[in-house]
Amino acid sequence: MMSGLFVTLEGGEGVGKSTQLRLLRDALQSQGYSVLATREPGGSAGAEDLRQLLLFGHNPLSLRAEILTHFAARFDHVDQVIRPALADNQIVLCDRFTDSTKAYQGYGRAEGDPAVLELIDVLQAQLNLVPDMTFLLEAPREVTRRRLAVRGVPTDRYEQADEGFHARIAAGFRAIAQQQPARMRCIATADRTEEAVNSQIMKEILSRLSHG
Ligand SMILES: Nc1ncnc2c1ncn2[C@@H]1O[C@H](COP(=O)(O)OP(=O)(O)O)[C@@H](O)[C@H]1O
Ligand SMILES: Cc1cn([C@H]2C[C@H](O)[C@@H](COP(=O)(O)OP(=O)(O)O)O2)c(=O)[nH]c1=O
């Protein structure tokens, strides 16, 4: 029986997902909850190997191969890490999940091609695990570009994509949120401190934990 809570954070690069993941983990742990903080692509040993290939591989994969590789990583992560943690009644916080595949590969790379969106839905259905709550963090591209320049990490394949790609991703995430309003909450992070964003998300998670 699964009884934990599965929470995902989504959005483009630099919106504050990993910052919020860390703040949420610390805040929930300090209230006595058992928390697993993880991320995709990656999160299990095998999936971290696939992450290297996806983000820094030397040869571009065809679109469907790229989608299947993201899902290969995701199945390993779910089977070996996420499902066992949920069965152990933990709160799982995950930086990105299937919504990222829909936004990046489905809306970004495939420009919303229905056949590609359907492939992603079929794979997601086989996974048989949907997040209980998803927070879509949003900020205008000018803001996230500035933040990423400050962060100064090496850019991967996706961060180097052109601006049209990033605009399609943002619109794609929006479309997913509109289709699944019960699961997904949009949170604006541009003009708010990390702490303000954190307390809003904490409030929603705690309310879900107390009301089911
Ligand atoms: N609410 C915020 N206000 C200002 N800067 C922020 C905020 N949230 C995150 N940052 C900064 O923006 C950068 C990107 O944040 P990060 O959490 O790494 O984003 P992501 O994981 O979504 O790529 C980091 O330098 C972080 O300190
Ligand atoms: C999970 C996932 C990530 N990605 C991309 C989005 C990111 O550009 C990249 C790495 O994610 P991440 O490490 O979260 O980068 P960032 O901190 O910059 O947001 O992988 C996909 O294209 N499809 C997917 O299914």
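These legends go with a set of close-up views of a predicted model.

**View 1. What sits around ligand 2.** Here we zoom in on ligand 2 and the 16 residues around it. Those that come nearest are Glu13, Ser100, Thr101, Tyr104 and Tyr158. If you sort the shell by class, you get 7 charged, 5 polar and 4 nonpolar residues.

View 2. Two helices each put at least two residues into the shell around ligand 2: helix 1, residues 17-30, and helix 4, residues 98-109. Helix 4 gives the largest share, with 4 residues.

**View 3. A cis peptide bond at Pro41.** Take a look at the link from Glu40 to Pro41: this peptide bond is cis, and its omega is near -10 degrees. Most peptide bonds are trans. As for where to find Pro41, look in the loop that runs between strand 2 (35-39) and helix 2 (45-56).

View 4. Arg96 isn't a glycine, yet its phi is positive, near 80 degrees. Most residues other than glycine have a negative phi. Arg96 belongs to the loop that links strand 3 (91-95) with helix 4. Count the other C-beta atoms within 10 Å of Arg96 and you reach 24; the cut-off for buried is 20 or more, so Arg96 is buried.

**View 5. Asn128, an exposed loop residue with positive phi.** Asn128 also has a positive phi without being a glycine, this time about 60 degrees. Its loop lies between helix 5 (114-127) and strand 4 (133-138). Asn128 has 8 C-beta neighbours inside 10 Å; a residue is exposed at 12 or fewer, so Asn128 counts as exposed.

**View 6. Strand 4 and its surroundings.** Now follow the chain from that Asn128 loop into strand 4.

**View 7. Strand 4 and its pairing with strands 1 and 5.** Strand 4 pairs with strand 1 (residues 5-10) in the parallel sense, over 4 bridges. Strand 4 also runs parallel to strand 5 (residues 184-188), and 5 bridges join these two. Leu136 is a handy residue to look for here. In strand 4, Leu136 stands opposite Glu10, and Leu136 has Cys186 as its bridge partner in strand 5.

Methods: Residues numbered from 1 in each chain as written. Chains lettered and ligands numbered in written order. Predicted model: local features only at pLDDT ≥ 70, side-chain atom pairs only at ≥ 80, totals over all residues. Near = placed C-beta within 6 Å. Nonpolar A, V, L, I, M, F, W, Y, C, P; charged D, E, K, R; others polar. Pairing = 2+ DSSP bridges.
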